[in-house]
Amino acid sequence: MSEQKNGQVRIGVYVCHCGANIADTVDVKAVAEYAATLPGVVVARDYKYMCSDPGQELVQEDIRNLNVNRVVVAACSPSLHENTFRGAAERAGLNPFFVQMVNIREHDSWVHSDREAATEKAKDLVRAAVRRVYFHKPLEKRRVPIHSEVLVVGGGIAGIHAALTVADSGKKVYLVEREPTIGGHMAQYDKTFPTLDCAACILTPKMSAVKAHPNITLWTYSEVVSVDGSVGDYKVVVKRKPRYVREDLCVGCLQCIDTCVFKEPKFDDEFNMGLSKRKPIYIPFPQATPKVVVIDPEACIQLKTGKCKKSCLEACVERGAIDFDQKESYEEIHVGSIIIATGFQTFDPRRMPQYGYGKYPNVYTTLEVERLVNASGPTGGQVVTRDGRVPKSVGIILCVGSRDENTNRWCSRVCCMTSLKLAHLIKEHTGAEVFIFYIDMRAAGKGYEEFYQRVLNEGVHFVRGRVAEITDWALDPSEEGKLVARVEDTNTGFVRRIPLDMVVLAVGLEPQADALNVQRLFGISCSLDGFFLEKHPKLAPAPTYTDGIFIAGVCHGPKDIPDTVMQAGYAAAEAIALADTGYFELEPNTAYIVEEECSGCKSCIPLCPYQAITFNDGKQKAFINEVLCKGCGTCVAACPSGSIKQNLFEDEEIFSEIEGVLAYAQ
Amino acid sequence: MEDKPVTTDKLSTSKDWEPLIVAFFCNWCTYTAADLAGVSRMGYDPNVRVIRVMCSGRVDPQFVLDAFAHGADGVLIGGCHPGDCHYVEGNYKTLRRYLLLKRLLRELGIEEGRVRLEWIAASEGEKVSKTINEMVDQVRALGPLRLTRKFKEWDAELAALEAEAQSEEVEVHA
């Protein structure tokens, strides 16, 4: 082997200043000087930015000129630059797995302030790595092929945009949506800020494009129930719930709805936030995609009791699309990567009883008012209270379920702009006086501040203060029959009582109620707030820690439509790049059996969650399938005879690390 | 390979004694959380040395014993929360081993507070800092374990006993 000239271990240690990030807290020169005294070390250097080209060149020159055959880089976390230095070593002709990173930034200089202690810690960690790298072996990277198919979970604007982008690149896409139609929350909005273009006008063409795209398989009313495999080959099972209407036969004529035995709609219409009613057989909204009716099994008499005239069947007798015997079915697909775009739910304002939602009928959420101002909404676009009056005064309360220690701490980012938009629309529809109660107005975005100025100039009243309560307790005749907002106006320093006909709560965005299940299903992580966790907050905001799984839209954190579309495009680009590369390089950290030492006790076999270990009856030895092994090392730790080893995490390597960090204590 | 001798024994007097904790963090949750603690500058005591493993399931009980034998005063194991393991269920295996290990340590006279298993998710940087500080305080209260020194003392005791036995033997024969 060329890198092991004379069979001698020649270690190079490279200590990074990271500008001031490390050097301010750790005496990097002292660390390098100390490293130079360690056995096996032939050169130890410190440099301002080891990851820069000249820094990497230092390493490469030593490999070429000093025959360095082990590299220890004391710098940042291996998750950041391990690949950088492995690449540098490889280009200089050294097997990349002779490199060991020492994390003296995230785990040292950034968390400690005592320079002496931080320097001692850095020395300990470097010593451990120097001892460890002695045992490193040359390894080959494993390549796995990538299926070009992509699964998109969630059919809101994020999922729609991601699916179209991937499909346009020529790859096959499966789009799975659990509701009967795609469109998500955006389909419920009336206008979009700040341009006030109508949400349906810009969304529905994209919905139709999804339906018509030859590369997209659209499964609505469906849910992912299991995910197996890993990057390149995920085996996914999708449950298709029965809608009791055959999608291949229904043409969306809606005659069945007209003839339903329920002459009047009687059940809450989910799409209109319960502000209107629908029948047991219904279509969520006129532009629903696919345009296929669905039967609600909780409401349909036939499905509940089996005793109905089934007039819908008669209306559809020619096509025969209605099928009361439909059962749920399962589809199994193989995809190379997955884009998760499962969206959000809005904060339930019943959790803040002081605002009277659910108690006073004229307290609404922003999403309900979106439906009220919409021309195809429950009131045909009339903004009226529940008792049919046109409101003369409307108050919009911001940060309901956002920026609040008692509910959700985060800013939901869209409520300020949504409220400005609704203030404008309500004024336009009703001429009412509109009050916005705010903590801070956040109008950062292209054209957003300008829109805020426009609404200010339209005469909307801005009251800076968190509303204490909404009450119907009138203190004087002007308040009779009205709701009263009690609020401290912090700009003037007075506590005010403002009588209102209608109160709108700008409810915040939250992770979906079952986000935790989705997280576990796909093996990704959540942030503390319950939104899905990205791989890097700045540089990888769509990939996750699980290779081949990307996130887009509000399931990752609150964001508006343009940001959602951008992230969805980015996630799609990552999925396309992965598919076009055609392979993915895996860490060679798999486990293997040393056959001579295996006693055939079979302890390891049930431990492997991937069924990678089998038993060879002829030899009476265990066998590890390298392709199936994901490299967790659980079997290695369990083997009673120590005959399972793990590449990159060999026992000798870890023991030498343990003893290395503890050398002072002896 | 042996290191050059350390010139000053920092741990020779109890006044200077500071607990030394060896931590085994899984790559996907706890190591990442420790990175997050760093990025967010959530400071903690500098007494901990983190060793990265892919999964807490890789933590062989021998690693823990080896750490104690070589002078660690405490050992911390960090893994993903139950149900969140990157390798499906490695952390459950860790838990099972940990419970057995604790019984073994008790038998060996090593206090329970010197070993700790904690589930820390990738987003829980704050928990890394809190757990390490708690652990350091706890081990500081327990005092030094100094197994390495005890080994030497025991060796010396044994040698003395042996010498005594030999001299007795000589007497008997005489």
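This note goes through a predicted model point by point, from conventions to chain A and then chain B.

1. Conventions. Residues are numbered from 1 along each chain as its sequence is written, chains are lettered from A and ligands numbered from 1 in the order in which they are written, and side-chain values use heavy atoms, with hydrogens and water left out. Because the model is predicted, local features need pLDDT of at least 70 and side-chain atom pairs count only at pLDDT 80 or more, while totals for chains, interfaces and linings use all residues.

2. Overall figures for chain A. The chain has 17 helices and 34 strands; helices (H or I, at least four residues) and strands (E, at least two) are DSSP runs numbered from the N terminus. Its C-alpha atoms fill a box of roughly 95 × 70 × 40 Å along the principal axes. Of the 666 residues, 57% are buried (under 20% relative accessible area; exposed is over 50%, partly exposed in between; 1.4 Å probe, protein chains only). Among contacts (heavy atoms within 4.5 Å) with a separation of 6 or more, 70% link residues 24 or more positions apart.

3. Parallel sheet. Five strands of chain A form an open sheet with parallel pairing, in the order β10-β7-β6-β18-β29; two strands pair if DSSP finds at least two bridges between them. At the edges stand β10 (216–219) and β29 (549–551) of chain A, each with a single partner strand, so one side of each has no neighbour in the sheet. Neighbouring strands are turned by 15 degrees against each other on average, direction ignored.

4. Inside that sheet. Strands β6 (residues 150–153) and β18 (residues 337–340) of chain A run parallel and are joined by four bridges. Val152(A) has Ile339(A) as its bridge partner in β18(A). Helix α6 (residues 157–168) of chain A packs on the sheet and touches β6, β7 (173–176), β10 and β18 of chain A. The direction of α6 makes about 170 degrees with that of β7(A); axes are lines fitted to C-alpha atoms, for helices over the stretch in contact, and angles run from 0 to 180 degrees between N-to-C directions.

5. Hairpin. Eight bridges connect β11 (residues 222–230) with β12 (residues 233–240) of chain A, and the two strands run antiparallel. Opposite Val224(A) stands Val238(A) in β12(A). Two residues separate the strands of this hairpin, and Gly232(A) in the turn has a positive phi of about 100 degrees.

6. Backbone items to check. Most residues other than glycine have a negative phi, and most peptide bonds are trans. The bond from Phe193(A) to Pro194(A) is cis, with omega near -10 degrees; Pro194(A) sits in the loop between β8 (191–192) and β9 (197–198) of chain A. Also cis is the bond from Thr289(A) to Pro290(A), with omega near 0 degrees, and Pro290(A) belongs to the loop between β15 (281–282) and β16 (294–295) of chain A.

7. Lys310(A) has phi near 55 degrees and lies in the loop between α9 (301–305) and α10 (311–315) of chain A; at 30% relative accessibility, Lys310(A) counts as partly exposed. Cys399(A) also has phi near 55 degrees, but lies in strand β21 (residues 393–400) of chain A and, at 8% relative accessibility, counts as buried.

8. Chain B. In helix α1 (residues 30–39) of chain B, eight of the ten residues are buried, so the helix is largely enclosed by the rest of the structure. The buried residues include Tyr31(B), Asp35(B) and Gly38(B). After α1(B) comes Arg41(B), with a positive phi near 55 degrees.
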